[in-house]
Amino acid sequence: MTSVTSLSDSVQQHLSSALSAALPQAAGADPLLRRSDRADYQANGILALAKKEKANPRELATQVVSHVVTGGGEVIADVEVSGPGFLNITVTDGAIVRNLAARAADPEGRLGVPRAERPGTTVVDYAQPNVAKEMHVGHLRSAVIGDSVVQLLEFTGENVVRRHHIGDWGTQFGMLIQYLDEHPGELDHQASEVSEASGQEAMSNLDRLYKAARALFDSDEEFGTRARRRVVDLQAGDTHTLATWQKFVDESKIYFFSVFDKLDMEIRDEDIVGESGYNDMLAETCRLLEESGVAVRSEGALCVFFDDVKGPDGNPVPLIVQKSDGGYGYAATDLSAIRDRVFRLKASTLLYVVDARQSLHFKMVFETARRAGWLGEDVTAHQLAFGTVLGADGKPFKTREGETVRLVDLLDEAVERAAAVVREKAQELSEAEITERGAQVGIGAVKYADLSTSANRDYKFDLDQMVSLNGDTSVYLQYAYARIQSILRKAGDVAPAAHPELELAPAERALGLHVDAFAETVADAAAEYAPHKLTAYLYQLASLYTTFYDKCPVLKAESPAQVENRLFLCDVTARTLHRGMALLGIRTPERL
């Protein structure tokens, strides 16, 4: 693997050496370097150092500058003292081009992004639909955010275990199975017919069945009693009941795979471990908690209490691990999953991509696991809480009838809108290509709109804005990439080539410095589980490329060397866009 030292790190090293020379007791001090609009970088760390050493900050800054090596083809072209003791640093044109050339030469195509030297194992729990229920808009964020975080972590070298904790157990299955037994023929779809159409048909049947069973359960007390008895049969492993339950699961998986395929997202069967996967651990989890004193019996239920969790009446609100009737709740399953992931999968980090409305539940579950000794310094758990998808009215997204919006309908409409945009702009594209690009642009638009918002914030679902060619959208980025590919094709036999000896125009410098920051951005986005940091970087990259394209002729540059160098800037920008968008789960078509 080729790891490239970024320009900011190179400048940081030069400044640290100069600081040590000017003030030996400051060896190892952070110069606090950042990008600046007054120069390429600004260092603010001298102010704090001067205060600590009771020195004049401008005088100390001047001493540091005298020890900085500049010119001569090195990294730093110029350093000047500004204001009360800031350092404004300009790097050489040659350093920018050389760094980009090193990134472009990475044999693995990673653009010099390093892998973690000591990776841990992170279990990411995301994309958790429910068996026998259609996926709706509320399932979108966990899937999209989780998939991007997985891509980021894997790219930066982390060992990632994916987990899809589907809802496949509980009272509703007793209700469903009993209803189907009493109404044979209601579920006539064959699970062997695996396709998108059959998946949707299967789930429509199951969804209809669920609603009918629920209506009967709520209105017929005798049916309710029979349904609850069927839950006992299911938990006891009754052969017929389990076989029917398995059919529900298989039918649902056909549908899940069809939806995730539409989302252009890989979901593997071995990564689907639902609530039922932890059944055999529930009793032991409860025993361990009770024996250790972490959980106590209260009115027959096994509970964990917290000083800071109280109800409106001021009384403590416990985490109920086992109900008074002996049944197990979500807490028992989640705690058993933690035990499995920590002790069997050897996880060092557990990450749950789950709706913010479940934050209190996970706070209590994590604290319980810590008290039990299952989480600690060596193993941590985090909830990557996400906000709600809103409609244009700023309220949770619903249909006009007030129903929850089906995810499939939402995605189909996005693809349809995107195909219309592609068709309007299409040049030399066949109808089949327009259809393919429409799917890539439409799904990309939905993902980008979600990922460009900080996960914990709500966002408005506005398809018109999502598929717009203007503004912070994936379509804008995809068109920037396609434009570059068009230029590279028009260049014919003239190949991109780096020319560090050339002077760069301001738009070239700005573009080059931003491309060089890709590795740092990816590392930050992965470390903070923050795909929105990568989307912001990519949008700025596309914007800087647009400025470069407007101000710097590429194929009609002043000299052959400048043509090659500008083609090189185009090429490395395209590679960065392509790699960055892939980490978001978004395609970059060569032609649009």
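**Exercise 1. Which residues in H16 meet which residues in H20?**

Solution. Start with the ground rules. The model is predicted: local features need pLDDT of at least 70, side-chain atom pairs count only at pLDDT 80 or more, and totals for chains, interfaces and linings use all residues. Residues are numbered from 1 along each chain as its sequence is written, and side-chain values use heavy atoms, with hydrogens and water left out.

Step 1. Locate the helices. H16 covers residues 474–490 and H20 covers residues 560–583. Helices (H or I, at least four residues) and strands (E, at least two) are DSSP runs, numbered from the N terminus.

Step 2. List the contacts (heavy atoms within 4.5 Å). From H16 come Ser 474, Leu 477, Gln 478, Ala 480, Tyr 481, Ile 484, Gln 485, Ile 487 and Leu 488. In H20 they meet Leu 567, Cys 570, Asp 571, Thr 573, Ala 574, Leu 577, His 578 and Met 581.

Step 3. Sort these residues. The contact of H16 with H20 holds 11 nonpolar, 5 polar and 1 charged. Ala, Val, Leu, Ile, Met, Phe, Trp, Tyr, Cys and Pro count as nonpolar; Asp, Glu, Lys and Arg as charged; the others, Gly among them, as polar.

**Exercise 2. Is Gln 178 buried or exposed? Trace its surroundings.**

Solution. 

Step 1. Gln 178 lies in helix H6 (residues 171–182).

Step 2. Check accessibility. Gln 178 has a relative accessible area of 9%, so it is buried. Buried means under 20%, exposed over 50%, partly exposed in between (1.4 Å probe, protein chains only).

Step 3. List the partners. Leaving aside neighbours within four places in sequence, Gln 178 is in contact with Phe 223, Arg 226, Ala 227 and Arg 230.

Methods. Axes are lines fitted to C-alpha atoms, for helices over the stretch in contact, and angles run from 0 to 180 degrees between N-to-C directions.
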